[in-house]
Amino acid sequence: MANHSKEGTLLEAKKSRLKPPPLYKVMLLNDDYTPMEFVVLVLQKFFSMTREQATQVMLKVHREGMGVCGVFPRDIATTKVEQVTSYAQQHQHPLQCLMEET
């Protein structure tokens, strides 16, 4: 943009940079009741993972108590958490899904 002068006032164009929106990790938490096969199914269904990828994440959840399913903008992360939680409840599993800002 060019500089413009209006009654002795100099106006300069400002360069503004938008920072990208914050991203959120969606994670599954381990419990002693949800079957491993159900966790694999959830990862495939809601996070579009292959069976191999889903199995690796499920094993991480099982061994370490928590596993990251993906990183998303806030709205998508919120939706994923709600979908997984609802699906687990419908199938009477206590699987917990949560999100955390990266």
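Colleague: I would like to learn to read helix packing. At what angle do α1 and α3 pack, and how far apart are their axes?

Modeller: Good place to begin! Two packed helices are described by the angle between their axes and by the distance between those axes. Here, in what is a predicted model, α1 and α3 pack at an angle of about 140°, and their axes are 11 Å apart.

Colleague: What word describes how α1 and α3 lie to each other?

Modeller: They are oblique to each other. An angle over 145 degrees would count as roughly antiparallel, and the angle for α1 and α3 is about 140°. Their crossing is right-handed.

Colleague: Which residues of α1 and α3 meet?

Modeller: From α1, look for F38, L41, V42, K45, F46 and F47; from α3, look for K80, Q83, V84, Y87 and A88. Sorted by type, the residues of this contact are 8 nonpolar, 1 polar and 2 charged.

Colleague: Now the other pair. How do the axes of α1 and α2 cross, and within what distance do they come?

Modeller: Helix α1 covers residues 36–47 and helix α2 covers residues 51–64; their axes cross at roughly 125° and come within 9 Å. That angle makes α1 oblique to α2. The crossing in which α1 passes α2 is right-handed.

Colleague: Which residues meet there, and how do they divide by type?

Modeller: On the α1 side they are M36, E37, V39, V40, L43 and Q44, and on the α2 side R51, A54, T55, V57, M58 and H62. The contact of α1 with α2 divides into 7 nonpolar, 3 polar and 2 charged residues.

Colleague: Let me step back. How many helices and strands does the protein have, and in what order do they run?

Modeller: There are 3 helices and 5 strands. Starting at the N terminus, the order is β-β-β-α-α-β-α-β.

Colleague: What share of the contacts join residues at least 24 apart?

Modeller: Take the contacts between residues at least 6 apart in sequence: 70% of these join residues at least 24 apart. T34 and H93 are 59 residues apart along the chain, yet their C-alpha atoms are separated by 5.5 Å.

Colleague: Where does T34 lie, and is it buried or exposed?

Modeller: T34 sits in the loop between β3 (23–29) and α1. T34 is buried, because its relative accessible area is 10%, and buried means under 20%. Residues up to four places away aside, T34 touches V39, H93, P94 and L95.

Colleague: What about phi? Which values should I look at for S48 and Q92?

Modeller: S48 has phi near 50°, a positive value in a residue other than glycine. Q92 likewise has a positive phi, near 60°, and is a residue other than glycine. S48 is in the loop between α1 and α2, while Q92 is in the loop between α3 (74–90) and β5 (96–101).

Colleague: Are S48 and Q92 buried or exposed?

Modeller: S48 counts as exposed because its relative accessibility is 65%. Q92, at 73% relative accessibility, also counts as exposed.

Colleague: And T50: where is it found, and how accessible is it?

Modeller: T50 is in the loop between α1 and α2. At 44% relative accessibility, T50 counts as partly exposed. T50 and V40 are 10 residues apart in sequence, with 9.3 Å from C-alpha to C-alpha.

Key. Residues are numbered from 1 along each chain as its sequence is written. This is a predicted model: local features need pLDDT of at least 70, side-chain atom pairs count only at pLDDT 80 or more; totals for chains, interfaces and linings use all residues. Side-chain values use heavy atoms; hydrogens and water are left out. Axes are lines fitted to C-alpha atoms, for helices over the stretch in contact, and angles run from 0 to 180 degrees between N-to-C directions. Helices (H or I, at least four residues) and strands (E, at least two) are DSSP runs, numbered from the N terminus. Angles under 35 degrees count as roughly parallel, over 145 as roughly antiparallel, 65 to 115 as roughly perpendicular and the rest as oblique. A crossing is left-handed if the near helix is turned anticlockwise from the far one by less than a right angle, and right-handed if clockwise. Contact means heavy atoms within 4.5 Å. Ala, Val, Leu, Ile, Met, Phe, Trp, Tyr, Cys and Pro count as nonpolar, Asp, Glu, Lys and Arg as charged, and the others, Gly among them, as polar. Buried means under 20% relative accessible area, exposed over 50%, partly exposed in between (1.4 Å probe, protein chains only).
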